[in-house]
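Hi,

Here is the structure I said I would pass on.

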Amino acid sequence: MKTFMDNTKSLSKKKENVQEQPVSDTATNLQQALSSDSSLIPVPFIFIKSDLRLVIDLQTCIKAQQSEAYAQKVKLTNLKQMAQTVAYIQEHGYDTRADFNAALTNAENQTSLARKKMKDTEQQLKNVNEQIHFTGQYLAYKDLYAQYRKSHNRNKFYEEHKAELSLYETALRVLKEKSNGQKLPSMKSLYQEKDRLTELREVQRSDFYSHRDQERELRTVDANIDMILGKKPEQEHHIEKEQNL
């Protein structure tokens with residue numbers, strides 16, 4: 001806390017000379033890369049997790065209360081995690097608590113954006129798969145429908161091929177709804193789009209997992225800071241639950 005306070009005073013004196021650097025927004029970069037060239041798949045955000053773990057609250061740890069030996073082991077582990085937490089803060093340049101809180105908020109926002117991008121791509125992929133399905137259904141019965149149109153006895157022909165013609169009509173209706181009056185895409189273009197979206201989804205999934213891991217690690221640091229400063233971390237149970245998933 002003394003270090004945080006000293007850094008806060010030092011930074012406040014230099015504030016007018018410091019130019020804030022823009023925060024990297026991977027999710028936005030992904031969208032910009034796609035809008036410039038839809039054939040390019042951007043590189044995902046990479047985050048390497050540390051071995052930092054939560055500092056355990058001995059007052060609420062039932063096992064530690066039941067076993068003195070276990071309690072002693074937890075105390076030693078806590079000292080190690082506290083030292084690693086302080087080192088983590090210094091290595092990442094979090095000079096004040098405000099700096100750290102800003103980093104945590106940014107990590108939360110990045111995770112949310114990455115999740116949204118991934119979900120949007122998954123929805124697009126679902127739509128393309130539906131188009132592929134109904135395009136195949138449309139093409140499978142297109143010739144039969146042409147025969148029906150040329151038939152001299154349409155009613156009889158329809159009754160004999162009712163199931164197939166119904167599938168054709170359903171496929172045609174769905175495809176027209178999805179095309180919004182535009183020309184129906186070919187199967188080749190649909191499969192190309194599916195491949196692109198599949199690759200993009202995998203990149204975005206990796207991007208999301210990395211941002212989520214970063215957020216979880218910062219939440220662990222946040223909880224440890226509170227424990228070091230003698231505060232009860234409200235998120236401790238939530239973090240433990242997430243780490244066990």
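Below are my notes on the aromatic rings and the nonpolar cores.

Please keep in mind that this is a predicted model, so local features need pLDDT of at least 70 and side-chain atom pairs count only at pLDDT 80 or more, while totals for chains, interfaces and linings use all residues. Residues are numbered from 1 along each chain as its sequence is written, and side-chain values use heavy atoms, with hydrogens and water left out.

Aromatic rings first. Rings of Phe, Tyr and Trp (its six-membered ring) are paired if their centres lie within 6.5 Å; planes under 30 degrees apart count as stacked, over 60 as edge-to-face and the rest as tilted. That rule gives seven aromatic pairs. Tyr 138 and Tyr 168 are stacked because their ring centres are 5.3 Å apart and their planes are at 20°. This pair links distant parts of the chain, 30 residues apart: Tyr 138 belongs to helix α5 (residues 97-140) and Tyr 168 to helix α8 (residues 162-179). Helices here are DSSP runs (H or I, at least four residues), numbered from the N terminus.

Tyr 168 also stacks with Tyr 145, at 4.4 Å centre to centre and 20° between the planes. Tyr 145 is in helix α6 (residues 142-150), 23 residues from Tyr 168. For accessibility, buried means under 20% relative accessible area, exposed over 50%, and partly exposed in between (1.4 Å probe, protein chains only). Tyr 138 is buried at 14% and Tyr 168 is buried at 6%, whereas Tyr 145 is partly exposed at 22%.

Now the cores. A nonpolar core is a set of buried Ala, Val, Leu, Ile, Met, Phe, Trp, Tyr and Cys residues joined through side-chain atoms within 4.5 Å. The largest has eleven residues, among them Leu 52, Tyr 88, Phe 100 and Ile 225. Helices α4 (68-91), α5 and α9 (187-228) each give two or more residues to this core, and α5 gives the most, with four. A second, separate core of six residues includes Phe 134, Tyr 138, Tyr 168 and Ala 171.

Enjoy exploring it!
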